[in-house]
Amino acid sequence: MKKAIISGHSKGLGAGMVSCLIAAGYEVLGLSRSGIGSEMAGLSEVALDLGDTAAVSAFATGAEFANFLEGASQAVLINNAGIVEPIAPIGRQDAGKIAQSLAVNVTAALILSDAFVAATEGADRRVAHISSGAGRNAYTGWSVYCATKAAMDMHARAMVEDAVAGLKAESIAPGVIDTGMQATIRSAPEEDFALLDQFKSMKAEGGLAKAEDTAAKICAHILSDRFGAETITDVRTF
């Protein structure tokens, strides 16, 4: 049996990867705060606020999570959910948004990864973090987002060092995609984000990749023999 769990599955990049995984014969469990109501065959959904660490921990250690993965010969976890806020230079950031960013972008992914590996002993298992070029390059106004994505890159590298049997891990930068996150970026106040005009120009000039195209590339890579050959990767090199 082939099983996959993906966070942030209900729209954008996540929705595209769900379709790809199902087409490849995977049963998929989607996790998102608002993603309940799909009637897609092969997809089960759980409403889970990934910013609520207690709820994520309870789910990851609960029966539903373990039962879904039970018996899987091939298992995939894609930590796709992420938020870009707060967008502001240091000294003008909202403390609550900092905490939420860490909870969604880092803490939830680490909890789910640990539970996934514990529940898939004996399987061909793969953990993919959807990272960002912001984890590898510093940008003004994005110190929190950059830090969280750098954490995911390092977590993938450390998982590889653990040398767990049957486990491959990779942290993938997806490039600049036309998603709701980009809309959030373009709505930031100019005084908080000096690169605002650059991002507005990318949208206006058609410089954003389509979410479904990028999702197909990432999904195909995750399921390929190439996955895990390098730990820190970028979709634009696939």
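**A walk through the model**

Analyst: Happy to! Let's start with arginine 126, which counts as buried because its relative accessibility is 8%. Buried means under 20% relative accessible area, exposed means over 50%, and partly exposed is in between, using a 1.4 Å probe and protein chains only. This is a predicted model, where local features need pLDDT of at least 70, side-chain atom pairs count only at pLDDT 80 or more, and totals for chains, interfaces and linings use all residues. Residues are numbered from 1 along each chain as its sequence is written, and side-chain values use heavy atoms, leaving out hydrogens and water.

User: What does the side chain of arginine 126 meet in a salt bridge?

Analyst: The side chain of aspartate 124, at 3.5 Å from N to O. A salt bridge here is a side-chain nitrogen of Lys or Arg within 4 Å of a carboxyl oxygen of Asp or Glu. Aspartate 124 is partly exposed, because its relative accessibility is 29%.

User: Nice. How many salt bridges does the structure hold?

Analyst: Four. One of them joins aspartate 153 to arginine 136, with the closest N and O atoms 2.8 Å apart. Aspartate 153 lies in helix 5 (residues 143-162) and arginine 136 in the loop between strand 5 and helix 5, so this pair ties together parts that are 17 residues apart in sequence. Helices (H or I, at least four residues) and strands (E, at least two) are DSSP runs, numbered from the N terminus.

User: Is aspartate 153 buried or exposed?

Analyst: Aspartate 153 is buried, with a relative accessible area of 6%.

User: Changing topic: how many disulfides does a search of the whole structure find?

Analyst: One. Cysteine 20 and cysteine 219 form it, with their sulfur atoms 2.3 Å apart. A disulfide is a pair of cysteine sulfur atoms within 2.5 Å. Cysteine 20 lies in helix 1 and cysteine 219 in helix 8, so the pair ties together parts that are 199 residues apart in sequence.

User: Why is the disulfide left-handed?

Analyst: Because the torsion about the S-S bond of cysteine 20 and cysteine 219 is about -90°. As for accessibility, cysteine 20 is partly exposed at 21%, while cysteine 219 is buried at 0%.

User: Now the strands. What order do they have in the open sheet?

Analyst: The seven strands of the open sheet have the order 3-2-1-4-5-6-7, with parallel pairing. Two strands pair if DSSP finds at least two bridges between them. The edge strands are strand 3 (43-47) and strand 7 (232-234), and each pairs on one side only.

User: Which strands does helix 8 lie across?

Analyst: Helix 8 (residues 211-222) lies across strand 4, strand 5 and strand 6 (167-173), running at about 160° to strand 6. Axes are lines fitted to C-alpha atoms, for helices over the stretch in contact, and angles run from 0 to 180 degrees between N-to-C directions. Contact means heavy atoms within 4.5 Å.

User: Last one: where is the place of alanine 108?

Analyst: In helix 4 (residues 95-119). Alanine 108 is buried, with a relative accessible area of 2%. Not counting residues up to four places away in sequence, alanine 108 touches Leu50, Val56 and Ala103.
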